[in-house]
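Please examine the sequence and the structure shown below before reading on. The paragraphs that follow lead from a single residue to the whole chain and then to local details.

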Amino acid sequence: MHQFLSPEVIVTGAGSLQKTGEYALRYGMHALIITDRILADLGITKPLEKVLKKAGMKVAVFSDISGEPTLSEVNRGLALCEEENCEVLVAIGGGSAIDTAKAISMMYNNQSPMSQYMGMEKVPAPGLPIIAIPTTAGTGSEVTRVTVITDEETDVKMMIASRFLVPRVAILDPELTVSCPRGVTAGTGVDALTHAIEAYISRKQQPLTDSMALSAIRRIYPNLERAWLNGKDMEAREEVLIGAMEAGLAFSNASVALVHGMSRPIGALFHVPHGISNAILLPGVMRYSMPAAVSRFADIARAMGADTTGMSDEEAAELAVEMAEQLCAALQLPTLKQLNVDPEKFMEAAPKMAHDALESGSPGNNPRLATAEEIVQLYKELVEKSYVSEGA
């Protein structure tokens, strides 16, 4: 028996931002808009404020998010939410804004320390309703039950999954992604592709998540480079945006696996953006995992658009890994060396990162289960590849 969680409403199409007021009114008259500092400085909230105020709503704005969300930022947003007596949260931005909104919603009605809710379905009560409006095509957070918040004191990325964190409404307006920078387009796009791949090979996969995952790969793989090359390619932008949403629905219900488990500690300790850390891990972890899910990796190659006629499943599976590697190279995603990650410090931290990865639970969904020692070896191979490929 399986369950499949999703928002009550998913709105897609150019101009769909204008529907926000209509949906927000279902939940109250006082809205808190949540975004990050950069988007606030760019004026991203202004059209949204106008739409909500036109609907007769009172609006406050929280934009004190500097990067990937932290516990202290969530606490500041929660304080403003309580001060303004907000009834609905409207998150606009990337995964950081939407994850912050989920955490604020959760903590509004749940009083224990956030660390108590880490893991799967440990949140006891629903929070405030959320309307999620992504401006990047990547995290899928607009449709998922997952939030990831960094505890600055412990350098741990807390992954929390609960049915109470699924936004009530997701609004996917491709016009909002047109100004997304190329580097962000690439990193978030590969993040979405990773969500789809890991959902499809997850030990918790199910028929509905399989359909969503393969559809996401079909949309993202051929269109991501197009969107990266030409940000105004609206067809490509919309395909990747919908694909990221499908990937979000897939992994939220089937879970991610080893790539994400290994990725979060890299972000927490070395401040590598989440999508980038996924991208640099993806090909190597795919190759490690492939022997335990050969037919599924062959399906992934076909979903990417490969002609596998006459190939064995093993050959098609290997092709899937090669195609993922080729896409990351085409998108000019940085390596550890280009990110100025010190290789010695990275390997010193590898045992802790392996421990934190396993503690997150995600590696337990991988088709090939990895020990702490094997994860350390994968980290070592990542360092060697980065520094050997670019010179010592």
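Is alanine 247 buried or exposed? With a relative accessible area of 0%, alanine 247 is buried; buried means under 20% relative accessible area, exposed over 50%, and partly exposed in between, with a 1.4 Å probe and protein chains only. The residue belongs to helix 8, which covers residues 234-254. Helices (H or I, at least four residues) and strands (E, at least two) are DSSP runs, numbered from the N terminus. Apart from neighbours within four places in sequence, alanine 247 is in contact with Ala192, His195, Ala196 and Ala216, where contact means heavy atoms within 4.5 Å. Leucine 165 lies 82 residues from alanine 247 in sequence, and their C-alpha atoms are 17 Å apart in space.

Some conventions apply throughout. The model is predicted: local features need pLDDT of at least 70 and side-chain atom pairs count only at pLDDT 80 or more, whereas totals for chains, interfaces and linings use all residues. Residues are numbered from 1 along each chain as its sequence is written, and side-chain values use heavy atoms, with hydrogens and water left out.

The protein as a whole contains 14 helices and nine strands. Its radius of gyration is 20 Å, which agrees with the value near 21 Å that a compact globule of 392 residues would have; the radius is taken over C-alpha atoms, and the globule rule is 2.2 Å times the number of residues to the power 0.38. Along the principal axes, the C-alpha trace spans about 60 × 45 × 45 Å. Of the 392 residues, 58% count as buried. When contacts between residues at least 6 apart in sequence are considered, 78% join residues at least 24 apart. The accessible surface comes to about 15,500 Å², and 52% of this area belongs to carbon and sulfur atoms; such areas come from the Shrake-Rupley method with a 1.4 Å probe.

Three strands form an open sheet of mixed pairing, in the order 5-8-7; two strands pair if DSSP finds at least two bridges between them. Strand 5 (119-120) and strand 7 (146-151) are the edge strands, each pairing on one side only. Strand 5 runs parallel to strand 8 (residues 156-161), and two bridges join them. Here glycine 119 stands opposite isoleucine 160 of strand 8. Strand 7, by contrast, pairs with strand 8 in the antiparallel sense over six bridges, and valine 148 stands opposite methionine 159 in strand 8. Strand 7 is mostly covered, with five of its six residues buried.

Backbone angles supply the final details. Most residues other than glycine have a negative phi. In the hairpin of strand 7 and strand 8, which has four residues between the strands, aspartate 155 takes a positive phi near 60°. Asparagine 85 also has a positive phi, near 55°, and is found in the loop between helix 4 (71-83) and strand 4 (88-93). Asparagine 85 counts as exposed because its relative accessibility is 52%. Histidine 271 has a positive phi near 55° as well; this residue is located in the loop between helix 9 (258-270) and helix 10 (274-289). Histidine 271 likewise counts as exposed, at 64% relative accessibility.
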